[in-house]
Amino acid sequence: MEDIIFVVCAATCVYPLGYYSYVPSLSAIYMNAKYAVIALIAVLILLKRYKPSLIATMIVGFDAYLLITTIAFDGNVNRWAQFALYRIALICVFDYMLSKRPVFALGTVTLICLAHLAINEALGSAGTSSLNVDNAMYWLGIRVRIAGFALPAMAFSLLFCIYSKISKLIKLPILIAVYALAITFFIQKNVSTALVSSSLSLILLLLFIVYKKFVKRIALTAVIATVALNFAIVFFNFQNKFSWLIEGILGKSLTLTGRVSIWHSVLSKMQGHYLFGHGVGSGIPFIYEFGEPITYEHNQLLNVLFSGGIIGLVFLFIILFLTFWSITSDEPSPYTSVVAAFLLAMCVQMISEHPYENALFALLLLFGYRYRDILLPEPQRLFKSIRFRLF
């Protein structure tokens with residue numbers, strides 16, 4: 001019975017950002033379900049049947065802080081709830097289940113992600129005939145932001161395939177389907193950010209498998225370097241050093257499709273709000289394009305800075321640090337290699353998008369922090385490689 005309740009809770013907590021364009025009536029169902037899930041978690045805490053982990057507490061605390069700033073600075077509480085409630089519910093549900101049946105939790109989120117990726121492919125887009133194809137709405141949201149859903153799904157499916165004891169005839173097709181649906185979409189829709197981040201995740205994974213100690217030695221340093229790279233690009237146009245990739249291979253401009261001007265505008269609107277930010281959904285336009293206001297920062301750190309100020313950034317940095325510190329504090333394994341590779345790739349994705357906006361990124365952080373809950377193989381067999389475990 002507990003498994004059934006968990007599956008229902010998980011299914012209502014995985015949030016397809018573009019569903020409203022297809023089935024608006026799901027809005028009330030999703031929202032009310034989140035309230036029910038959060039109430040259930042609260043009861044479990046009061047009954048002392050569930051004690052949140054440190055990382056879950058930090059993630060929930062981060063969203064609680066953003067609620068305070070949103071109220072204090074006349075932000076949009078509904079906008080906060082749209083993302084925060086789903087993230088809080090999802091994190092708490094899986095945080096509870098990881099202490100009970102971690103591999104079952106992995107299988108559940110993998111199948112839910114596969115279902116949404118398949119729906120996204122089957123339904124196609126609503127509005128791709130418009131001139132502004134970038135803003136065409138898919139089941140999983142705007143095309144350039146779907147990587148925030150697809151990359152964690154790729155990580156979960158690979159972990160499930162490695163650690164699940166079910167037949168390879170079942171789990172291998174699941175793994176192949178997840179990767180095929182995600183990568184095919186990125187290629188068909190020419191999502192440069194997603195293509196770069198997914199390629200980077202697979203390159204890092206291969207590197208961690210071949211050089212077994214790399215994940216322990218460089219993961220924490222790499223995430224710090226990625227944060228520094230974010231600042232270097234936003235403040236010092238460091239992307240110009242990669243013109244060979246951006247212009248030569250990806251065929252994009254060094255302004256990153258106008259993002260540079262948006263970043264400068266965001267920073268100009270921060271005066272007097274550097275410490276606490278403006279709150280979520282303030283509605284302050286950064287810049288106008290074709291007469292329409294742009295209120296999307298196109299950078300995760302600027303998004304957090306604008307909404308939660310320097311204190312919000314500290315929350316995010318602590319969450320990242322705790323996760324990567326946990327990953328690197330023990331002997332490397334296939335599990336830590338997969339999680340570190342995909343998390344680092346998504347941290348690079350922060351340069352031009354908001355992966356944390358999708359609750360699955362926060363969930364991947366949770367899985368990274370609590371990797372010891374998964375039954376790891378014996379030390380001498382850690383890297384008898386992922387290939388043997390899959391095939």
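**Labels and their rules**

Biologist: Why is valine 314 called partly exposed?
Modeller: Its relative accessibility is 41%. Buried means under 20% relative accessible area, exposed means over 50%, and partly exposed lies in between (1.4 Å probe, protein chains only). Valine 314 falls in the middle class, so the label is partly exposed. This is a predicted model: local features need pLDDT of at least 70, side-chain atom pairs count only at pLDDT 80 or more, and totals for chains, interfaces and linings use all residues. Residues are numbered from 1 along each chain as its sequence is written, and side-chain values use heavy atoms, with hydrogens and water left out.

Biologist: Where is valine 314 found?
Modeller: In helix 12, residues 300–328. Helices (H or I, at least four residues) and strands (E, at least two) are DSSP runs, numbered from the N terminus. The chain has 15 helices and 5 strands.

Biologist: Now the inside. Which residues have the most contacts in the largest nonpolar core?
Modeller: Phe94, Phe156, Phe186, Tyr356 and Leu363, in a core of 132 residues. Helix 4, residues 77–98, gives the most to this core: 16 residues. A nonpolar core is a set of buried Ala, Val, Leu, Ile, Met, Phe, Trp, Tyr and Cys residues joined through side-chain atoms within 4.5 Å. In soluble globular proteins, nonpolar side chains tend to be buried together.

Biologist: What does tyrosine 356 touch?
Modeller: Contact means heavy atoms within 4.5 Å. Leaving out residues up to four places away in sequence, the partners of tyrosine 356 include Ile59, Phe62, Arg87, Leu316 and Phe361.

Biologist: How many disulfides are there, and how do you know?
Modeller: The count is 0. Cysteine 9 shows the test: the nearest cysteine sulfur, that of cysteine 13, is 6.3 Å away. A disulfide is a pair of cysteine sulfur atoms within 2.5 Å, so cysteine 9 is in none.

Biologist: Are cysteine 9 and cysteine 161 buried or exposed?
Modeller: Cysteine 9 has 10% relative accessibility, so it counts as buried. Cysteine 161 has 0%, so that residue counts as buried too.

Biologist: Why is the link between arginine 101 and aspartate 3 called a salt bridge?
Modeller: The rule asks for a side-chain nitrogen of Lys or Arg within 4 Å of a carboxyl oxygen of Asp or Glu. Here the closest N and O atoms are 2.1 Å apart, so the pair qualifies. The pair links distant parts of the chain, 98 residues apart: arginine 101 is in the loop between helix 4 and helix 5 (102–123), and aspartate 3 is in helix 1. By the same rule the count comes to 6 salt bridges.

Biologist: What makes arginine 370 part of a network?
Modeller: Arginine 370 meets aspartate 373 in a salt bridge, at 2.7 Å from N to O. Salt bridges that share partners join Asp95, Arg370 and Asp373 into one network. Arginine 370 is at 14% relative accessibility, so it counts as buried. Aspartate 373 has 25%, so it is partly exposed.

Biologist: Why is lysine 48 called exposed?
Modeller: Its relative accessibility is 77%, so it clears the limit for exposed. Lysine 48 sits in the loop between helix 2 (26–46) and helix 3 (54–72). It also has a positive phi of about 60°, although it is not a glycine.

Biologist: Where else is phi positive in a residue other than glycine?
Modeller: At asparagine 190, with phi near 55°. This residue lies in the loop between helix 7 (168–188) and helix 8 (192–210). Its relative accessible area is 43%, so asparagine 190 is partly exposed.
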